[in-house]
Amino acid sequence: MGLCNCPKDILKIHLDSETADIDTESLGKYEYNVKFPVKRNDYKKLMLYIDNFQIQTKGLGNLSYIVSSNMIEYNSYNSKTKGTNTVLVSLLADATATDRTNDFTLSYSNSTAPIHIQNIPELLQINITDIDGAVISFANANNMWAMDLRIEAFY
């Protein structure tokens with residue numbers, strides 16, 4: 001169920017750590033050239049949903065994973081940056097990977113709480129850090145992630 005019966009486009013984006021156009025995995029930074037086959041230029045409102053995010057943490061020992069992007073949340077505040085919010089997902093691990101022998105995957109699914117964003121960037125940037133802003137390296141072959149995004153673009 002959407003926010004209204006207004007005319008809208010549904011734009012879906014699947015991203016993963018292994019197919020970025022530009023990446024610096026050792027810094028948890030990824031960039032994607034997002035090219036939709038059809039996209040209007042006159043959207044009045046953009047609502048972003050994180051339908052699914054999974055992260056494989058087998059080679060990591062972090063307790064927190066913060067996913068941010070250059071999709072800026074409308075009329076928002078972030079206590080870390082003291083400015084506009086760019087966080088998409090916050091995950092807190094039950095235990096570090098060094099304390100577990102299985103269940104290394106953390107998941108986030110939130111298809112009912114939209115994020116009102118200001119733009120759909122053509123070069124979408126994804127950054128993954130810990131809650132203190134420290135870099136998380138995904139250079140280890142055991143570490144990867146995947147995310148499904150949905151944008152309701154009202155016109």
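Me: By the distance rule, to how many salt bridges does the count come?

Reply: This is a predicted model, in which local features need pLDDT of at least 70, side-chain atom pairs count only at pLDDT 80 or more, and totals for chains, interfaces and linings use all residues. Residues are numbered from 1 along each chain as its sequence is written, and side-chain values use heavy atoms, with hydrogens and water left out. A salt bridge is a side-chain nitrogen of Lys or Arg within 4 Å of a carboxyl oxygen of Asp or Glu. By this rule the count comes to 4.

Me: Which strands hold glutamate 152 and lysine 8, which form a salt bridge?

Reply: The closest N and O atoms of glutamate 152 and lysine 8 are 3.7 Å apart. Strands are DSSP runs of E with at least two residues, numbered from the N terminus. The pair ties together parts that are 144 residues apart in sequence, because glutamate 152 lies in strand S9 (residues 143-154) and lysine 8 in strand S1 (residues 8-16).

Me: Is glutamate 152 buried or exposed?

Reply: Buried means under 20% relative accessible area, exposed over 50%, and partly exposed in between, with a 1.4 Å probe and protein chains only. The relative accessible area of glutamate 152 is 4%, so this residue is buried.

Me: Where does asparagine 75, with its positive phi, lie?

Reply: Most residues other than glycine have a negative phi. Asparagine 75 is not a glycine, yet has a positive phi of about 50 degrees. Its place is in the loop between strand S5 (64-69) and strand S6 (87-92).

Key:
Helices (H or I, at least four residues) and strands (E, at least two) are DSSP runs, numbered from the N terminus.
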